[in-house]
Amino acid sequence: MINYLNIDVTPKHMNILVTGGAGFIGSNLCESLLKKGHNVFCIDNFNSYYDPKIKENNIKTCLKDKNFRLFRKDICDFGGLEGIFDKISIDAVFHLAAEVGVRASIENPKLFEKVNVAGTLNILEICRKFGIKKLIFASSSSVYGENKKTPFSETDPVDNMISPYAASKRSAEIFCGAYSRLYGIKIACMRLFTVYGPRGRPEMAPYKFTKLVYEGKEIPMFGNGHSKRDYTYVTDIIDGLMAALDKDFDFEIINLGDSRPIELKKLISVISMVVGKDPKIKQLPEQKGDVSVTFADISKAKKLLDYKPKIALEQGMKNFFAWYKNNML
Ligand SMILES: NC(=O)c1ccc[n+]([C@@H]2O[C@H](COP(=O)([O-])OP(=O)(O)OC[C@H]3O[C@@H](n4cnc5c(N)ncnc54)[C@H](O)[C@@H]3O)[C@@H](O)[C@H]2O)c1
């Protein structure tokens with residue numbers, strides 16, 4: 001049931017498990033949870049989708065905290081998960097571990113099914129077996145696929161997915177719904193819209209284009225530059241995830257976006273302004289699996305979580321570039 005009174009129902013300090021906690025969003029989340037005084041248990045298999053050394057760096061600060069513990073485990077290894085939950089009494093789980101990337105999913109769809117669907121089912125089974133009451137799952141705006149209506153609302157049909165990645169995230173949401181209804185696990189599926197910022201994924205446009213412009217190299221621009229993404233700054237996403245932890249619902253699907261979609265050409269001009277160099281653009285054909293627009297209706301997040309994105313693209317890219325210069329050069 002939704003907590004309409006907006007009362008904070010969460011005990012102050014909890015044992016929280018974060019899967020994918022060494023990744024981009026996961027490591028930012030772990031730091032925020034530690035700052036709030038929670039004990040944080042991180043599971044990550046440091047996969048090689050991008051350089052695992054980046055993930056080692058992501059969690060360096062967390063590793064110095066006595067309330068943080070890292071398990072180098074795969075969510076597909078059920079016995080390995082049982083071993084952790086046997087020893088520690090977990091109050092809530094953030095499930096972020098996943099195979100990511102639309103194009104990678106077209107190349108290797110079976111891996112995406114294995115990790116994102118069967119792996120999520122492992123997490124749900126663990127929650128059932130060990131009586132975990134609360135799960136927050138990182139779903140994706142990609143489930144809206146080629147939705148014609150904008151902005152995308154949680155009540156829109158999600159039958160238009162155009163990548164195995166999107167299909168795997170929607171399948172995982174469906175399993176989450178079934179487990180919530182069957183076993184009373186309180187689950188929030190958060191549909192995240194193109195997240196960027198410090199520790200961002202190196203293959204995503206905000207990071208990749210910044211690097212290329214800075215190095216004076218050509219930017220591969222797929223399509224005519226008019227495709228739009230609802231770029232959302234990572235701290236805004238973390239605020240939304242943390243708010244979901246503090247609220248009490250049975251099962252909800254909630255968009256977390258910025259709700260100000262930006263054309264690809266505009267992203268490139270903002271990057272060029274921030275970096276202080278002109279971009280060299282190479283136009284290429286559109287890529288399979290890429291949707292033409294993402295645009296979040298965030299009224300539900302506003303109502304249930306008091307969610308209010310604060311960082312606009314120009315400021316977010318300035319912050320990102322400052323981080324990039326300090327950490328990646
Ligand atoms: N970044 C975005 O724009 C975005 C948008 C929508 C949804 N999401 C979702 O948010 C979550 C985090 O994304 P991110 O951008 O931080 O990606 P990321 O790749 O940086 O983080 C994912 C982490 O999960 C780990 N992982 C992958 N497979 C695993 C497995 N089998 N066992 C244990 N750990 C495993 C990886 O090593 C990585 O550290 C993902 O579920 C992703 O689908 C991200």
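How do the axes of helix 1 and helix 9 cross, and within what distance do they come? The axes of helix 1 (residues 24-35) and helix 9 (residues 234-246) cross at roughly 60° and come within 10 Å. Axes are lines fitted to C-alpha atoms, for helices over the stretch in contact, and angles run from 0 to 180 degrees between N-to-C directions. Helices (H or I, at least four residues) and strands (E, at least two) are DSSP runs, numbered from the N terminus. Helix 1 is therefore oblique to helix 9. Angles under 35 degrees count as roughly parallel, over 145 as roughly antiparallel, 65 to 115 as roughly perpendicular and the rest as oblique.

The model is predicted; local features need pLDDT of at least 70, side-chain atom pairs count only at pLDDT 80 or more, and totals for chains, interfaces and linings use all residues. Residues are numbered from 1 along each chain as its sequence is written. Mean pLDDT (the predictor's confidence in each residue, from 0 to 100) is 95 for the protein, with 97% of residues at 70 or more. Residues 1-9 stay under 50. For this stretch the model has nine contacts beyond four places in sequence. A contact requires C-beta atoms, placed from the backbone, within 7 Å.

Helix 1 passes helix 9 in a right-handed crossing (the near helix is turned clockwise from the far one by less than a right angle; anticlockwise is left-handed). Helix 1 contributes Ile25, Asn28, Leu29 and Ser32 to the contact, and helix 9 contributes Val234, Ile237, Ile238, Leu241 and Met242. Seven of these residues are nonpolar, two are polar and none is charged. Ala, Val, Leu, Ile, Met, Phe, Trp, Tyr, Cys and Pro count as nonpolar, Asp, Glu, Lys and Arg as charged, and the others, Gly among them, as polar.

The sheet is open and has seven strands, ordered 3-2-1-4-5-6-11, with parallel pairing. Pairing requires at least two DSSP bridges between two strands. Strand 3 (68-71) and strand 11 (251-256) are at the edges with a single partner strand each, so one side of each has no neighbour in the sheet. From one strand to the next, the twist averages 20°. Five bridges join strand 1 (residues 15-19) to strand 2 (residues 39-43) in the parallel sense. Here Asn15 is opposite Asn39 of strand 2.

Helix 6 (residues 109-129) lies across strand 1, strand 4 (92-95) and strand 5 (134-140). Its angle to strand 4 is about 175°. Helix 6 also packs against helix 7 (residues 164-183), at about 15° and with the axes 9 Å apart. Helix 6 is thus roughly parallel to helix 7. The crossing is right-handed. By class, the contact has 12 nonpolar, four polar and three charged residues.

Two loops have backbone features of note. Thr150 and Pro151 are joined by a cis peptide bond, with omega about -10°. Pro151 is in the loop between strand 5 and helix 7. Phe46, not a glycine, has a positive phi of about 50°. Phe46 is in the loop between strand 2 and helix 2 (52-58).

How values were computed:
Contact = placed C-beta atoms within 7 Å.
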